[in-house]
Amino acid sequence: MLFNSLVFVAFAIVFFGLWPLARRFENVRYAYIIGFSFLFYGWWDWRYVPLLIATALIDFWAGLGIVRFPARRKQILFISIFSNLATLGVFKYSGFLFTNLNALFAWNGWETRLPIYALILPVGISFYTFQSISYTVDIYRGELKPTKNILHFFSAISMFPHLVAGPIMRAAYLLPQLRVGRSA
C-alpha cells in the first residue's frame with residue numbers, strides 16, 4: 001500500500017477515525033496498531049507477514065532470554081543478530097552469491113551450476129530487521145528492559161508509519177511512547 005494511494009487514504013481515515021476508541025485501553029491499543037500494521041504490510045503481499053512475525057518473535061524471546069539467562073546473554077544476542085542478518089542476507093544477497101559461485105565454478109572449469117533464485121525482496125525488510133536488532137542490543141547493553149507484553153513489542157516493530165519507509169526507531173525511544181494513552 002503506497003502512502004500516496006487512495007487505498008491508503010481510506011486506510012488512514014478508518015485507522016484515525018477509530019483510534020480514539022482503541023487508544024483507551026492498553027492491550028486494545030496495541031492490538032489495534034498491530035492489526036492495522038499487518039493489514040498495511042500485507043496489502044502488497046500477505047505472504048511476507050509471517051516472515052515479519054517470525055523474525056520479531058525471535059527478538060522478543062531473545063530480549064526476555066538475555067535478562068532471564070545472564071550467563072548465556074552473549075549467545076542469545078548472537079542468535080538474535082545472526083537470525084536477523086541471515087534472513088536479510090537470503091533475501092538481499094542470495095542471487096548475488098549464487099551468480100558469483102557459478103562464475104567461480106566456471107572459471108575453475110567445473111560443470112556445476114547452482115540454481116539462481118530471484119527472491120522478491122520483502123518491502124521494508126531492512127527497516128524492521130535493524131529495528132528488531134536494536135531492541136535486543138539495547139537490552140544486552142542494559143539500556144532497556146524487555147517488555148513482557150508481546151502485543152507491546154509487536155506494536156513497536158510493526159507500526160505502519162515507519163515499517164516500510166523508516167526511520168529505524170530505537171525501541172528504548174518508541175516503547176515508552178506506546179505505553180502512554182494520550183488524550184490528544
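Reader: Happy to look at this one with you. Which elements does the chain run through from the N terminus on?

Author: This is a predicted model, in which local features need pLDDT of at least 70, side-chain atom pairs count only at pLDDT 80 or more, and totals for chains, interfaces and linings use all residues. Residues are numbered from 1 along each chain as its sequence is written, and side-chain values use heavy atoms, with hydrogens and water left out. Helices (H or I, at least four residues) and strands (E, at least two) are DSSP runs numbered from the N terminus, and the chain has eight helices and zero strands. From the N terminus on, the order is α-α-α-α-α-α-α-α.

Reader: Thanks! How do the axes of helix 3 and helix 5 run relative to each other, roughly parallel or roughly antiparallel?

Author: Axes here are lines fitted to C-alpha atoms, for helices over the stretch in contact, and angles run from 0 to 180 degrees between N-to-C directions. The axes of helix 3 (residues 49-68) and helix 5 (residues 125-140) come within 8 Å and cross at roughly 10°. Angles under 35 degrees count as roughly parallel, over 145 as roughly antiparallel, 65 to 115 as roughly perpendicular and the rest as oblique. Helix 3 and helix 5 are therefore roughly parallel.

Reader: And how do the residues of that contact divide into nonpolar, polar and charged?

Author: Contact means heavy atoms within 4.5 Å, and the residues that meet include Leu 52, Thr 55 and Asp 59 in helix 3 and Tyr 128, Ser 132 and Tyr 135 in helix 5. Ala, Val, Leu, Ile, Met, Phe, Trp, Tyr, Cys and Pro count as nonpolar, Asp, Glu, Lys and Arg as charged, and the others, Gly among them, as polar. The contact of helix 3 with helix 5 divides into 13 nonpolar, four polar and one charged.

Reader: Which backbone oxygen does the side chain of Thr 87 reach?

Author: Thr 87 lies in helix 4 (residues 73-107) and counts as buried at 18% relative accessibility. Beyond its neighbours within four places in sequence, Thr 87 is in contact with Leu 51, Thr 55 and Ile 125. At 2.8 Å, its side chain reaches the backbone oxygen of Ser 83.

Reader: Helix 6 looks well hidden. How many of its nine residues are buried?

Author: The cover over the buried residues of helix 6 (residues 150-158) includes helix 2, helix 3, helix 5, helix 7 and helix 8. Among those buried are His 152, Phe 153 and Ile 157. The number of buried residues in helix 6 is seven.

Reader: Finally, how many residues has the largest nonpolar core?

Author: A nonpolar core is a set of buried Ala, Val, Leu, Ile, Met, Phe, Trp, Tyr and Cys residues joined through side-chain atoms within 4.5 Å. In the largest one, those with the most contacts inside are Tyr 41, Leu 52, Tyr 128, Tyr 135, Phe 153 and Leu 178, and its residues number 47.

Technical notes. Buried means under 20% relative accessible area, exposed over 50%, partly exposed in between (1.4 Å probe, protein chains only). A polar contact is a pair of N or O atoms within 3.5 Å; within protein, one must be able to donate a hydrogen and the other to accept it, and residues adjacent in sequence count only if both atoms are side-chain atoms.
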